[in-house]
Amino acid sequence: MCGHTKRAPVDEMDATPGPSLYPLHRCKTLHLVRHAQGIHNVEGDKDYKAYLSYDLFDAHLTPLGWQQVDNLHKHVQSCGLNKKIELVVTSPLLRTMQTAVGVFGGEAYADGIEAPPLMVANAGKSDRPAISSLNCPPFIAVELCREHLGVHPCDKRRSISEYQPLFPAIDFSQIESNDDILWTPDIREASEELAARGMKFLNWLLSISFSLSTHTHTHTFIHITNKKFEIV
């Protein structure tokens, strides 16, 4: 039921597939990961009107958000899930890309490594070292799994040309426009439109041959799965 809260502690995230009606070679395994705490979550909890503030434009993660990322990174490493992910799909917003590379990226990046980093140092006011792309699955940004569009500046993205130097190893080729032409300042995307976009995203996922981890947003989760998820 929409609005039901399902808490999913990181220690319940299991890398072992359960029983299935279909043979595994005909199935895709999809791991849905909501972004960690962003600055807009903190301010919005204090006052919902804060979501209208341009101070929260393309909100980045909080220190607590990065702690949540670190905890999940340790878990996927210890349970072996990182070795089973073949592709990481992320919404092209700062907080989701920070979460994605922090959870499934490599260790700290060192100068002299030929492979580009997934994230450069201090990207998005993170105060974090650069993250290596070595021994990691490919990362791709997709507009279809973005947050509810419109009105809230925290859900407006930067231009792709601004993101590329910050996240050099993320593939942005699926995004058609450099600028954000989907977000509008005065019209909020209708729930029916968001649900239709979620179905398009699922159909796109079914069209590619990978074991997937997808990093997206609460409202997108609700309309894809008909449930609400939290990081705890």
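Trainee: Does R95 count as buried or exposed?

Mentor: The model is predicted, and the answer rests on a computed area. A residue is buried when its relative accessible area is under 20%. R95 has a relative accessibility of 0%, so R95 counts as buried.

Trainee: How many residues of helix 3 are buried?

Mentor: R95 belongs to helix 3, which covers residues 94-104. The buried residues there include L94, R95, T96 and M97, and V103 and F104 are buried too. Helix 3 is mostly covered, and the count of its buried residues is eleven of eleven.

Trainee: With which residue does R95 form a salt bridge?

Mentor: Side chains of opposite charge can pair when their charged atoms come close. For R95, the closest N and O atoms of the pair are 2.7 Å apart.

Trainee: How many residues apart are R95 and D155?

Mentor: R95 sits in helix 3, while D155 lies in the loop between strand 4 (139-141) and helix 4 (160-166). D155 is also buried, at a relative accessible area of 3%. The pair links distant parts of the chain, and the separation along it is 60 residues.

Trainee: Which residue meets D180 in a salt bridge?

Mentor: D180 lies in the loop between strand 5 (170-171) and helix 5 (191-206). Its partner lies in the loop between strand 4 and helix 4, so the pair ties together parts that are 34 residues apart in sequence. The N to O distance is 2.8 Å, and the partner of D180 is R146.

Trainee: What is the relative accessible area of R146?

Mentor: D180 counts as buried at 10% relative accessibility. R146 is buried as well. The relative accessible area of R146 is 0%.

Trainee: Where do E43 and K46 both lie?

Mentor: E43 forms a salt bridge with K46, with the closest N and O atoms 3.6 Å apart. E43 is partly exposed at 32%, whereas K46 is exposed at 63%. The two are three residues apart, about one turn of the helix, and the element that holds both is helix 1.

Trainee: Within what arc do the buried residues of helix 1 fall?

Mentor: The buried residues in helix 1 are H40, N41 and G44. Seen down the helix axis they line one face, because they fall within an arc of 100°.

Trainee: What is included in the cover of the buried residues of helix 1?

Mentor: H40, N41 and G44 are the buried residues in question. The elements that cover them include strand 2 (30-34) and helix 3.

Trainee: Which backbone nitrogen lies 2.9 Å from a polar atom of the side chain of T62?

Mentor: T62 is in the loop between helix 1 (39-46) and helix 2 (63-78). T62 is buried, with a relative accessible area of 7%. T62 touches Q37, G38, I39 and V42, leaving aside residues up to four places away in sequence. The nitrogen at 2.9 Å from its side chain belongs to G65.

Trainee: What is the bridge partner of V89 in strand 4?

Mentor: In strand 3 (residues 87-90), L87 and V89 point one way, V88 and T90 point the other way, and all are buried. Strand 3 and strand 4 run parallel, joined by three bridges. In strand 4, the residue that bridges to V89 is I140.

Definitions and conventions:
Residues are numbered from 1 along each chain as its sequence is written. This is a predicted model: local features need pLDDT of at least 70, side-chain atom pairs count only at pLDDT 80 or more; totals for chains, interfaces and linings use all residues. Side-chain values use heavy atoms; hydrogens and water are left out. Helices (H or I, at least four residues) and strands (E, at least two) are DSSP runs, numbered from the N terminus. Buried means under 20% relative accessible area, exposed over 50%, partly exposed in between (1.4 Å probe, protein chains only). A polar contact is a pair of N or O atoms within 3.5 Å; within protein, one must be able to donate a hydrogen and the other to accept it, and residues adjacent in sequence count only if both atoms are side-chain atoms. Contact means heavy atoms within 4.5 Å. A salt bridge is a side-chain nitrogen of Lys or Arg within 4 Å of a carboxyl oxygen of Asp or Glu. The arc is that of the directions from the helix axis to the C-beta atoms. Two strands pair if DSSP finds at least two bridges between them.
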